[in-house]
Amino acid sequence: MSVSEDRLRDLLVRGLAGDNAAYHVFLKELSAHLRAFLRGRLTRLPDDVEDLVQETLLAVHNQRHTYDAGQPLTAWIHAIARYKLVDLLRRRAGRDALNIPLDDERELFARSDTEAADAKRDLAKLLDQLPDRQRLPIVHMKLAGLSVIETARATGMSEAAVKVGVHRGLKALAALIRRSDEDR
């Protein structure tokens, strides 16, 4: 389970228990997560991403009481986002949407999920080639969204070492990607 999954779940659970500040942070971080998730699925409709983010946030807010804390939060949220996406596609297609088999939409989402899983696997392989002093700051800051201070605490590194690790790590990743592209 990813750090962002744990963090989002913790924020939501605290929000459900009455911590308004935690719930506000949850919605803010969820917005960024949803934008990335939906941007990858709406490449041909980029102007609709923000509307869909807002619709999904509203649905999550209205259905928050149905979330089972024993289940993965992002799977629950992605299911809501997919329903909102299907609604958008149907609205765009109008009456023709009645003729779109749901299996075709499931195939579209499965392909997108597979591509995302492949990209995640590829990134993990690249990150595994980096030393911990570069890999850990990138994972915490760039993938999990932690701040420099939070990353320093989580890794036991100084704030300066975290910044240097991210900078050098990103340079090293770029070099690894260039090499793998040249090998193809």
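Modeller: Accessible areas come from the Shrake-Rupley method with a 1.4 Å probe, and for residues only the protein chains shown count as cover. By that method, the accessible surface of the protein chain comes to about 11600 Å², and 52% of this surface belongs to carbon and sulfur atoms. This is a predicted model, in which local features need pLDDT of at least 70 and side-chain atom pairs count only at pLDDT 80 or more, whereas totals for chains, interfaces and linings use all residues. Residues are numbered from 1 along each chain as its sequence is written, and side-chain values use heavy atoms, with hydrogens and water left out.

Biologist: How many helices and strands are there in the protein chain?

Modeller: Helices (H or I, at least four residues) and strands (E, at least two) are DSSP runs, numbered from the N terminus. The protein chain has eight helices and zero strands, so defined, and its elements accordingly read α-α-α-α-α-α-α-α from the N terminus on. Contact means heavy atoms within 4.5 Å, and of the contacts between residues at least 6 apart in sequence, 53% join residues at least 24 apart.

Biologist: What percentage of the 184 residues count as buried?

Modeller: A residue is buried under 20% relative accessible area, exposed over 50%, and partly exposed in between (1.4 Å probe, protein chains only). Of the 184 residues, 33% count as buried. In soluble globular proteins, nonpolar side chains tend to be buried together.

Biologist: Which members of the largest nonpolar core touch the most other members?

Modeller: A nonpolar core is a set of buried Ala, Val, Leu, Ile, Met, Phe, Trp, Tyr and Cys residues joined through side-chain atoms within 4.5 Å. The largest one here has 25 residues, and those touching the most other members are Phe-26, Leu-30, Leu-73 and Ile-77. At least two residues of this core come from each of α1 (3–16), α2 (20–39), α3 (49–63) and α4 (73–93). Leu-73, when neighbours within four places in sequence are left aside, is in contact with Glu-5, Leu-8, Arg-9, Leu-12, Phe-26 and Tyr-67.

Biologist: What span does α4 reach from its first C-alpha to its last, and which of its residues are buried?

Modeller: The expected span of a helix is 1.5 Å times one less than its number of residues. With 21 residues, α4 reaches 30 Å, close to the 30 Å expected. Its buried residues include Leu-73, Trp-76, Ile-77, Ile-80, Ala-81 and Leu-85, and also Thr-74, His-78 and Arg-82.

Biologist: Is Thr-56 buried or exposed?

Modeller: Thr-56, in helix α3, counts as buried because its relative accessibility is 0%. Leaving aside neighbours within four places, Thr-56 is in contact with Leu-34, Leu-38, Ile-80, Ala-81 and Lys-84. Ser-31, in helix α2, is also buried, at 10%, and touches Val-53 and Leu-57, not counting residues up to four places away in sequence.

Biologist: Which residues does Leu-126 touch, not counting those up to four places away in sequence?

Modeller: Leu-126 lies in helix α5 (residues 102–128), is buried at 17% relative accessible area, and touches Leu-173, Leu-176 and Ile-177. Leu-126 and Leu-173 are 47 residues apart in sequence, yet their C-alpha atoms are 6.8 Å apart in space.

Biologist: How many salt bridges does the structure hold?

Modeller: Side chains of opposite charge can pair when their charged atoms come close. A salt bridge is a side-chain nitrogen of Lys or Arg within 4 Å of a carboxyl oxygen of Asp or Glu, and the structure holds six. In one of them, Glu-29 pairs with Arg-7, the closest N and O atoms being 2.7 Å apart. Glu-29 lies in helix α2 and Arg-7 in helix α1, so this pair ties together parts that are 22 residues apart in sequence. Glu-29 is partly exposed at 27%, as is Arg-7 at 25%.

Biologist: Which helices hold Arg-35 and Glu-50?

Modeller: The side chains of Arg-35 and Glu-50 meet in a salt bridge (2.7 Å, N to O). This pair links distant parts of the chain, with Arg-35 in helix α2 and Glu-50 in helix α3, 15 residues apart. Arg-35 is partly exposed at 22%, and Glu-50 is partly exposed at 32%. Salt bridges that share partners also join Asp-10, Arg-14 and Asp-19 into one network, in which the closest N and O atoms of Arg-14 and Asp-19 are 3.5 Å apart.
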